[in-house]
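Please keep the structure open while reading.

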Amino acid sequence: MTEKKDLLGIEAQVEMLNKERKSNNAWNKLKRNKTAMFGLIIICIMVFMVITADIISPYDPNALDLGNAYSKPGVNGHIFGTDEFGRDLLSRIIYGSRISILVAVGATLVAGAIGLVLGLISGYSGGIIDSILMRIMDGMMAFPFVLLAILLMTILGSGAVNVVLAIGIANVPIFARIVRGQVLVVKNEEYCNAVRVLGASNFRLLFGHILPNIISPVIVQATLSTAGSIISEAALSFLGLGISPPTASWGNILRGGKDYLNTAPHIAMISGFFILITVLGFNLLGDGIRDVLDPKMKK
Amino acid sequence: MVKTFLRRLLQIIPTLLVVVSITFVITRMIPGNPAVTLLGPQASVEDIAKLEEELGLNDSLWKQYTDYVGKLLKGDFGKSYSFNQPVAKLLMDRLPNTLLISLTSIVLAILIGIPIGIISAVKQYTPFDYISMVLALIGVSMPIFWLGLMLVLVFSVNLGWLPSLGMGSLENGLKDVILHMVLPVTCLTTIPTATFARITRSSMLEVINAEYIKSLRAGGLKEGVIIYKHALKNALPPIVTVLGIQLASSFTGAILTETIFSWPGMGTLIVGAIENRDYMLIQGAVVLTAAAFVFINLIVDIVYMIINPKVNLDNAKGGE
């Protein structure tokens, strides 16, 4: 081995190392993970729908056409058929992606941001603050997730922003616990002590040095939480507590379709299928990112 | 061990207190006056005032809270406004129905999911492994309320094989109840089954490739004995953790599943109570469910300690 290295010369060695570093960086590793890429493609298609909804929708999602209600898919130019008010289902699904995906991403951001701060404080300060915060998180986690979200929705009232808040708040404890666990591991490591000795403030140590080192599991959790939040939004809207009609969301399209299983089963079938596929996409990507960022978890 | 156990037991007291407090605060924040909801929009002002007084709604929040906690400690959950019955009785009537479908679905999930996970791990990268893992991934991504509707569509609406509403009645024979259970249980068991299959597979794979399993194999032990006696035993801890989570979330699943199939359990009770602004009933149902969660976690921790002596809860400081 050493002989070979000598033969290669220093420049070739540097080039080899660079090549290796490049192929081992997270993105390139992720690119080699076929299932994760499949998930990413699904997500990209959905994001494309979210962005271009105004352009690609064949009809106005709220235009009523009672004469054409309950059309089967493919009839009269409605690719996915129409719903009980004769509205074009494809257009409603496309506009619904906006609400469903933005709400899920928003809820994850809310949960991630609050959970991150609470977890950092709890893990770093320890002692009584840690105990109090963690008991509150335990208490929140003791609520069945949907139940907590239902209660919050009842207080806040329906509407997209409130759905984001309700799902976000209900998701806080998971993030807080993950971050806290990581901080506990990291905070006594050598580099943290070094930074401390050098006189950095707690704030600087936490956000400048600890945070970048614990972010991987948070990213994984964020991806998986987005998947969960899509289901939660749909579940709340399905129970009539989430996004209220006429605004389309996948959950309330499904709720509408529930009453017409006999006459127009395609409404429930198609809207639920989109929920499933999107959740699957985020789960695939989340699994893939975890394999890449945390080699210990792999297989 | 005993000391650890006692300490873990003491820890649930503040958690339960937080649960009760959060529930109390949240239910008070629900908009709408329960007295008005109860008497209807035509009620006179005097009647509403009288009922408010009767329900204790005019007391200070702090007094309402201490009264509530005091009564809870005596096992008194208060009285439901909308049913005009003690909350404890309503809960006890409904709880068995929810337990019936959620426990059945968890047992099924264990019986199906764990063997699938083991076989997948032993036969890694075979078609069986690929197919079952793809199915498991679809399973964990499944919106179960959609699955429920699709099951109704296929088996009730189209084929007419199975009933889709209610839980039947024992008076019509056990078969009637079982037939009513098929669809809700199928719906509820999907996510736990898929989750068990996935976690069992990954946990088994980790163990199978460990040195001591290799040396058992080198020692000439039968493969079956190695897998089921030695490997499975060591792969159990993560599976037990997941079992706890799944038991707890089967309550969440029950809320949605019961709504779809009009199953007379805790889920439909809670959703109805929220619609009727029935404070006492919401509080009681939520506190009971959350307390069940806390106890399930406690049991899981203890089982975890027993099957995995390496874990000492005193030292287990990590949140995970």
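In this predicted model, helices H8(B) and H10(B) pack with their axes 8 Å apart, at an angle of about 160°. Angles over 145 degrees count as roughly antiparallel, and the two helices are therefore roughly antiparallel to each other. Their crossing is right-handed. The residues in this contact comprise 18 nonpolar and eight polar ones, with no charged residue.

H8(B) also packs against H7(B), at an angle of about 145° and with the axes 9 Å apart. This crossing, too, is right-handed. From H7(B), the residues taking part are Ile144(B), Leu147(B), Gly148(B), Leu151(B), Val152(B) and Phe155(B). They meet Leu183(B), Thr186(B), Cys187(B), Thr190(B) and Ile191(B) of H8(B). By class, the contact has eight nonpolar residues, three polar ones and no charged ones.

| Helix pair | Angle | Axis separation |
|---|---|---|
| H8(B) and H10(B) | about 160° | 8 Å |
| H7(B) and H8(B) | about 145° | 9 Å |

Along the sequence of chain B, the order is α-α-α-α-β-β-α-α-α-α-α-α-α-α. Taken along the principal axes, the C-alpha atoms of chain B fill a box of roughly 85 × 60 × 35 Å. Chain B has 320 residues, of which 37% are buried. Among contacts in chain B with a separation of 6 or more, 71% join residues 24 or more positions apart.

Is helix H9 of chain B buried or in the open? This helix covers residues 211–218, and the number buried among its eight residues is zero, so it lies largely in the open. After H9(B) comes Gly220(B), which has a positive phi, near 90°.

Leu298(B) is a residue of helix H12 of chain B. A residue needs 20 or more other C-beta atoms within 10 Å to count as buried; Leu298(B) has 17 and is therefore partly exposed. Leaving aside neighbours within four places in sequence, Leu298(B) is in contact with Arg8(B) and Ile12(B). Gly244(B) lies 54 residues from Leu298(B) along the chain, and their C-alpha atoms are separated by 9.3 Å.

The next topic is the contact between the chains. Chain B gives 42 residues to this contact and chain A gives 41. On the side of chain B that touches chain A, helices H1 (2–29), H6 (127–140), H7 (144–158), H8 (174–208), H10 (223–261), H11 (266–275) and H12 (279–307) each supply at least two residues. By class, that side of chain B has 31 nonpolar, nine polar and two charged residues.

The largest nonpolar core has 148 residues. Those with the most contacts inside this core are Leu147(A), Leu148(A), Ala149(A), Ile150(A), Ala235(A), Ile270(B) and Ala285(B). Helix H4 of chain A, residues 89–125, gives the largest share of the core, 15 residues.

Which residues is Leu147(A) in contact with, leaving aside its neighbours within four places in sequence? They are Thr252(B), Ile255(B), Ile270(B), Val286(B) and Thr289(B). One of these, Ile270(B), is also listed with Leu147(A) among the residues that have the most contacts inside the core.

Conventions: Residues numbered from 1 in each chain as written. Chains lettered and ligands numbered in written order. Predicted model: local features only at pLDDT ≥ 70, side-chain atom pairs only at ≥ 80, totals over all residues. Contact = placed C-beta atoms within 7 Å. Helix = DSSP H or I, 4+ residues; strand = E, 2+ residues; numbered from the N terminus. Nonpolar A, V, L, I, M, F, W, Y, C, P; charged D, E, K, R; others polar. Core = buried A, V, L, I, M, F, W, Y, C linked by C-beta atoms within 7 Å. Buried ≥ 20, exposed ≤ 12 C-beta atoms within 10 Å, placed from the backbone. Axes fitted to C-alpha atoms, helices over the stretch in contact; angles between N-to-C directions. Parallel < 35°, antiparallel > 145°, perpendicular 65-115°, else oblique. Left-handed = near helix turned anticlockwise from the far one by under 90°.
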